[in-house]
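Dear colleague,

I am passing on the structure that we talked about, and below it you will find my notes on what turned up. Please read them with the structure open beside you.

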Amino acid sequence: MANTQGRDIFPPSCSIIFLLLQLLSYRKTDFSVSGPGQPVLAMVGESAKLQCHLSLNISAEDMEVRWYREELSPAVHLSKKGTDMPEEQMWQYKGRTTFRTAGPAKDQAVLTIYNVTVFDNGTFHCEFKDSTGSADATLWLRVAEEGSIYGI
Ligand SMILES: *[C@@H]1O[C@H](CO)[C@@H](O)[C@H](O)[C@H]1NC(C)=O
Ligand SMILES: *[C@@H]1O[C@H](CO)[C@@H](O)[C@H](O)[C@H]1NC(C)=O
Ligand SMILES: *[C@@H]1O[C@H](CO)[C@@H](O)[C@H](O)[C@H]1NC(C)=O
């Protein structure tokens with residue numbers, strides 16, 4: 001006699017595959033990002049260097065690196081695999097930023113902001129994205145005006 005006792009609609013092996021697929025899609029990125037950990041200081045009119053780096057000597061060269069303030073877009077500066085995307089840039093930063101990777105492993109991302117203004121005083125974020133996902137870090141730029149207590 002055939003066993004007519006109800007088997008589950010999905011045999012157990014299917015459930016396991018489903019579970020594995022779910023685990024894979026929740027996989028964390030292969031990297032993490034850190035910033036300087038303390039505010040970067042600059043005087044109005046000077047240039048400021050904001051620097052983030054990737055863990056484990058992972059290269060940033062083939063990644064999307066986005067620098068932003070309050071909102072992801074428009075960005076302070078966006079670079080996709082080494083190509084700048086000025087069309088996605090805040091008007092306040094047009095022509096005022098350069099981006100490069102640095103370090104032997106190209107794991108450093110350096111954003112230079114020229115002609116710093118009081119507008120630049122505040123919080124920045126750097127976000128790195130590749131096919132495994134994205135990670136970001138927060139930085140602070142403290143802008144001092146001539147004659148202020150931060151002035152040297
Ligand atoms: C990163 O690269 C440096 C220099 O090549 C090496 O000394 C260091 O061990 C590397 N660190 C990791 C985590 O791979
Ligand atoms: C910075 O300001 C100076 C003087 O206003 C100007 O000549 C120069 O082109 C500016 N540089 C950038 C990168 O905006
Ligand atoms: C920059 O921001 C800090 C913290 O929000 C504030 O205390 C400081 O007064 C600001 N400086 C200028 C020049 O606006």
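The residues around ligand 2 are Gly95, Tyr114 and Asn115, where a residue counts as near a molecule if one of its heavy atoms lies within 4 Å of it. This is a predicted model, in which local features need pLDDT of at least 70 and side-chain atom pairs count only at pLDDT 80 or more, while totals for chains, interfaces and linings use all residues. Residues are numbered from 1 along each chain as its sequence is written, chains are lettered from A and ligands numbered from 1 in the order in which they are written, and side-chain values use heavy atoms, with hydrogens and water left out.

**An aromatic cluster**

Tyr93, Phe119 and Phe124 form one aromatic cluster; rings of Phe, Tyr and Trp (its six-membered ring) pair if their centres lie within 6.5 Å, and planes under 30 degrees apart count as stacked, over 60 as edge-to-face and the rest as tilted. The pair of Tyr93 and Phe119 is tilted, with 5.9 Å from centre to centre and 45 degrees between the planes. The rings of Tyr93 and Phe124 have centres 6.4 Å apart and planes at 70 degrees, so this pair is edge-to-face.

Best wishes
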